[in-house]
Amino acid sequence: MAQPASTETIFNKPKIELHVHLDGAIRVKTILDVARRRGIVLKAENEDQMKHLCVVHKPVKEFTEFLDKFEEYMHVIAGDREAIKRIAYEFVEDKSKEGVIYVEVRYSPHFLANTDVEPIPWNQKEGDVSPSDVVHLVNQGLAEGERDFNIKARSILCCMRHMPNWSMEVVELCKKYKDEGVVAIDLAGDESINCEAQPGHRLAYEEAVKCGIHRTVHAGEGGPSSAVKEAVEVLKAERIGHGYNTLDDRVLYKQLLEQNMHFELCPISSVLTAACDPDYTKNPVVTFKNDKANYSLNTDDPLIFDSTLQLDYRTAQEYMGFTEEEFERLNINSAKSSFLPEKEKKELVNKLYEAYSMVENSETA
């Protein structure tokens with residue numbers, strides 16, 4: 001698996017990011033700082049050692065190898081109010097430095113809690129931070145980051161495939177905090193174990209549809225094209241997280257192209273999670289590009305993949321034939337596919353047209 005040789009900045013213009021996990025985008029220094037403050041002993045003594053523990057260095061053999069990386073540090077952040085707010089604030093700062101002007105960041109409130117959650121994750125002791133507290137703290141961090149770094153940040157709350165009993169609470173939290181920056185619900189986790197959505201997930205998504213909550217679903221990353229079909233037809237997803245295996249069902253793919261379904265693509269992640277061929281020139285992202293699909297380019301979990309949005313863009317340019325025009329097109333489509341209210345969405349789209357010195361036309365849709 002080759003990495004781009006150039007360090008030159010690619011597409012130094014405003015960008016949109018729609019698929020990035022907060023708990024996969026934490027600074028290594030922050031993990032060490034919080035562990036020190038909380039008296040938590042880690043397997044690493046410095047940033048280099050901690051980074052080595054957290055990073056997937058080559059394509060995994062099993063998706064669980066990727067998921068296991070979270071075990072190295074999530075117990076440090078979870079259940080700590082100061083740390084939860086801090087990672088949200090720092091996330092916004094990091095994205096602003098990458099030229100992102102609008103980001104939707106996702107996370108599981110339950111994975112950062114230590115009370116009112118069964119089971120309590122990461123072998124924590126019972127504490128006083130509930131999933132609702134987590135959402136409130138993340139909202140605070142994002143809002144303060146938005147104020148300080150001139151970037152708009154919104155959040156998506158994740159249901160987890162292996163924990164359907166959490167999902168109704170997730171949709172209730174989406175409803176509770178919809179006026180404080182939460183814009184959608186997601187379904188994430190290991191598709192190989194739970195490919196079909198369990199009843200708890202289905203009920204949560206039915207409630208989301210009923211209440212006008214936006215919906216995205218991780219599907220067709222490690223799982224088959226049927227998972228994408230289910231996401232669209234049963235869960236009523238408005239966007240698909242990853243979706244590479246949609247290409248295995250040409251009828252479904254053609255249907256979703258015609259519907260202008262948005263695919264949240266993550267080039268570097270797709271290779272390191274072994275969802276796609278390690279040869280970037282054969283990556284499904286190339287097909288989505290060539291077919292002028294509606295998609296975004298995203299980092300997914302920059303801590304674990306030791307990546308930046310710039311690296312994904314550089315990879316797309318050097319191995320996938322991306323041009324400046326295609327970067328502009330995909331970002332405009334990303335803005336149009338964002339989960340912002342219509343007025344804010346139009347303002348965001350217009351901001352990109354202005355930055356790209358373009359006039360709106362049908363070719364960008």
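Q: Which residues do ring pairs link into a cluster?
A: In this predicted model, the cluster consists of Phe 11, Tyr 295, Tyr 313, Phe 322, Phe 327 and Tyr 356, joined through ring pairs.

Q: How many aromatic pairs does a search of the whole structure find?
A: The search gives 16 aromatic pairs. Take Phe 11 and Tyr 313: their ring centres are 6.0 Å apart with 10 degrees between the planes, and the pair is stacked.

Q: What is the geometry of the pair formed by Phe 70 and Tyr 73?
A: Look at the angle between the planes as well as the distance. Stacked means planes under 30 degrees apart, and over 60 would be edge-to-face. Phe 70 and Tyr 73 have 40 degrees between their planes, at 6.0 Å centre to centre, so the pair is tilted.

Q: Are Phe 70 and Tyr 73 buried or exposed?
A: The cut-off for buried is under 20% relative accessible area. Phe 70 counts as buried because its relative accessibility is 10%, and Tyr 73 counts as buried because its value is 0%.

Q: Which ring does the charged end of Lys 15 sit over?
A: For a charge over a ring, look for the distance to the ring centre. The charged end of Lys 15 is placed over the ring of Tyr 313, 5.8 Å from its centre. That brings us back to the cluster, as Tyr 313 is one of its members. Elsewhere, Arg 239 lies over the face of Phe 339, at 3.8 Å from the ring centre.

Q: Now the backbone. What is the phi of His 242, and where does this residue lie?
A: His 242 is not a glycine, yet its phi is positive, about 75 degrees. Its place is in strand β6 (residues 239–242). With a relative accessible area of 0%, His 242 is buried.

Q: Is Lys 292 buried or exposed?
A: Lys 292 counts as exposed because its relative accessibility is 52%. It is another residue with a positive phi, about 55 degrees, although not a glycine. Lys 292 belongs to the loop between α12 (284–290) and β8 (294–297).

Q: Which residues does a cis peptide bond join?
A: Check omega here: the bond between Glu 118 and Pro 119 is cis, with omega about -5 degrees. You will find Pro 119 in the loop between β2 (100–107) and α6 (131–149).

Definitions and conventions: Residues numbered from 1 in each chain as written. Predicted model: local features only at pLDDT ≥ 70, side-chain atom pairs only at ≥ 80, totals over all residues. Heavy atoms only, no water. Helix = DSSP H or I, 4+ residues; strand = E, 2+ residues; numbered from the N terminus. Buried < 20%, exposed > 50% of the residue type's maximum accessible area, 1.4 Å probe, protein only. Phe/Tyr/Trp six-rings, centres within 6.5 Å; stacked < 30°, edge-to-face > 60°. Lys NZ or Arg CZ within 6 Å of the ring centre and 35° of its normal.
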